[in-house]
Structures are given as structure tokens and as C-alpha cells.
Amino acid sequence: QVHVVESGGGLVQAGGSLRLSCVASEHTYHMGWFRQPPGKEREFVAGISASGGQTSYADSVKGRFTISRDNAKNSVFLQMDSAQPDDTAVYSCAASKVTWKTGQQLYDYWGQGIQVTVSS
């Protein structure tokens, strides 16, 4: 069992920045960030391999968001820059043994999610 806990959500103005953090009980998993906008399906945002050497991004956030990890602290981060109102969603961190890309069915352990609201 891997425990995953997110933090850092909140309210940010359009064009602003926010940094989300995720702590997992193990650092040997690939990690991903997902989000669920109001009234919509959950979608992949970004992922990072267990070593941190490979990353993947959804087209909608490429160039604005950056995923990183610090395995010494069992932590994964999502730096959100140039935030837009369409980024408003519940953001969840998840752990997978097989992928750091899209395909949420391949992620085994999930955090509870945190709210991010981008005001216009």
C-alpha cells in the first residue's frame, strides 16, 4: 500500500503561479498528476518516471506546467505557471508501477485531491 497526500492547492489569479506538492510513502513509483474540472471527466496533466529522468505532459499544459520530484523527500511537485481559468479543477496525485504517462487505469494509488481555482 502506498499512501499519497497532496498539498498546495488554493486560489490564484489568471496569469499567476501555484506549486502543488505530493508526498508518497515510497519513491520507487512513477508518479502522475491528474485533474477533474467541474462537470468533466478526470484527465491526465503530467507524469514523471521513478528516476525523474522522463516526463510527460498533456498538450493543454505543455510549456506552462512543470513536474519534478525529490526522491530524498519522497515528493513530487507540479509548478503551475501562467495559470488560466480552464485550469480550475480538483488535482490528484497518483502512483504507478508501469507508467508515467496517460492511462489513469494504470495508476494504483491515489491521493484525495486538492482544489485549485484560477480566477479571471
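Guide: Let's start with Arg 64, which counts as buried because its relative accessibility is 12%; buried means under 20% relative accessible area, exposed over 50%, and partly exposed in between, using a 1.4 Å probe and protein chains only. Please keep in mind that this is a predicted model, in which local features need pLDDT of at least 70 and side-chain atom pairs count only at pLDDT 80 or more, while totals for chains, interfaces and linings use all residues. Residues are numbered from 1 along each chain as its sequence is written, and side-chain values use heavy atoms, with hydrogens and water left out.

What does the side chain of Arg 64 meet in a salt bridge? The partner is the side chain of Asp 87, at 2.8 Å from N to O. This pair links distant parts of the chain, 23 residues apart: Arg 64 sits in the loop between strand 6 (55-57) and strand 7 (65-70), and Asp 87 in the loop between strand 8 and strand 9. Salt bridges with shared partners join Arg 64, Asp 87, Arg 35 and Glu 43 into one network. A salt bridge here is a side-chain nitrogen of Lys or Arg within 4 Å of a carboxyl oxygen of Asp or Glu. Strands (E, at least two residues) and helices (H or I, at least four) are DSSP runs, numbered from the N terminus.

Asp 87 also forms a salt bridge with the side chain of Arg 35, at 2.9 Å from N to O.

Asp 59 and Lys 62 meet through their side chains at 3.2 Å, N to O, and both residues are exposed. Asp 59 counts as exposed because its relative accessibility is 67%, and its place is in the loop between strand 6 and strand 7. From Asp 59 to Ala 72 there are 13 residues in sequence and 29 Å in space, C-alpha to C-alpha.

Back in strand 4 (residues 30-36), we find His 30. His 30 counts as buried because its relative accessibility is 16%. A polar atom of its side chain lies 2.9 Å from the backbone nitrogen of Ala 50. Leaving aside neighbours within four places in sequence, the residues in contact with His 30 (heavy atoms within 4.5 Å) include Ile 48, Arg 69, Val 98 and Trp 100.

To finish, here is another buried stretch. Strand 3 (residues 18-24) has five of its seven residues buried, so it is largely enclosed by the rest of the structure. Strand 3 pairs in the antiparallel sense with strand 1 (residues 4-7) over four bridges, and with strand 8 (residues 75-80) over six bridges, also antiparallel; two strands pair if DSSP finds at least two bridges between them. Cys 22 of strand 3 is the bridge partner of Glu 6, while Val 23 stands opposite Ser 75 in strand 8.

Technical notes. A polar contact is a pair of N or O atoms within 3.5 Å; within protein, one must be able to donate a hydrogen and the other to accept it, and residues adjacent in sequence count only if both atoms are side-chain atoms.
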